[in-house]
Amino acid sequence: MAKRMTGSKIVPQCDGCCLPDFSEGYCTAFDDPAYQWRNGECWGRCESPREMVRRLEDIVAYAGPGANIATIRRELEDWEKMARLLKGSGIA
Ligand code: SF4
């Protein structure tokens, strides 16, 4: 998973989303979580690693085989591992 140590910290509405870097309290997707929630919802909110895998698989498929998306592919591998771990532990 990506790590972020800049921007603004997550807000209470982020509770239940799997995108924060929980050790540091930053959203790994957006610089300003409070701004994301300004209209009452965050379109990036994701409540399961399996959903993140689906999103990243869609990005990889859309980009095509020759695209320079090594970072996205690494992130996809990380989320696949997380989804497998949680599934194996019975959490997800
Ligand atoms: S994606 Fe949205 S809901 Fe999730 S941590 Fe970031 S700002 Fe919060």
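This is a predicted model: local features need pLDDT of at least 70, side-chain atom pairs count only at pLDDT 80 or more; totals for chains, interfaces and linings use all residues.
Figure 1. G90 follows α3 and has a positive phi, near 85°.

**Figure 2. The protein chain as a whole.** The protein chain contains three helices and two strands. Their pattern, read along the sequence, is β-β-α-α-α. The C-alpha trace spans about 35 × 35 × 25 Å along its principal axes. The protein chain has 92 residues, of which 16% count as buried. Among contacts between residues at least 6 apart in sequence, 43% join residues that are at least 24 apart.

Figure 3. The domain assignment divides the protein chain into domain 1, residues 1-47, and domain 2, residues 49-89. Taken over C-alpha atoms, the centres of domain 1 and domain 2 are separated by 19 Å. Domain 1 gives five residues to the contact, and domain 2 gives five residues. On the side of domain 1 that touches domain 2, four residues are nonpolar, one is charged and none is polar.

**Figure 4. The surroundings of the ligand.** The ligand is surrounded by 13 residues. The closest of these residues are C14, C17, C27, P33 and C42. By type, the shell around the ligand consists of 10 nonpolar residues, two polar residues and one charged residue.

**Figure 5. Residue S8 and its contacts.** S8 is placed in the segment before β1, the strand at residues 20-21. Apart from its neighbours within four places in sequence, S8 is in contact with D31, D32, P33 and A34. One of these contacts, P33, is also among the residues closest to the ligand.

**Figure 6. S8 and G66.** This view sets S8 against a residue elsewhere in the protein chain, G66. S8 and G66 are 58 residues apart along the chain, and a distance of 35 Å separates their C-alpha atoms.

Note on methods
Residues are numbered from 1 along each chain as its sequence is written. A residue is near a molecule or strand if its C-beta atom, placed from the backbone, lies within 6 Å of it. Ala, Val, Leu, Ile, Met, Phe, Trp, Tyr, Cys and Pro count as nonpolar, Asp, Glu, Lys and Arg as charged, and the others, Gly among them, as polar. Helices (H or I, at least four residues) and strands (E, at least two) are DSSP runs, numbered from the N terminus. Two residues are in contact if their C-beta atoms, placed from the backbone, lie within 7 Å. Domain bounds come from an automatic or database domain assignment. A residue is buried if 20 or more other C-beta atoms lie within 10 Å of its own, exposed if 12 or fewer, and partly exposed in between; C-beta atoms are placed from the backbone.
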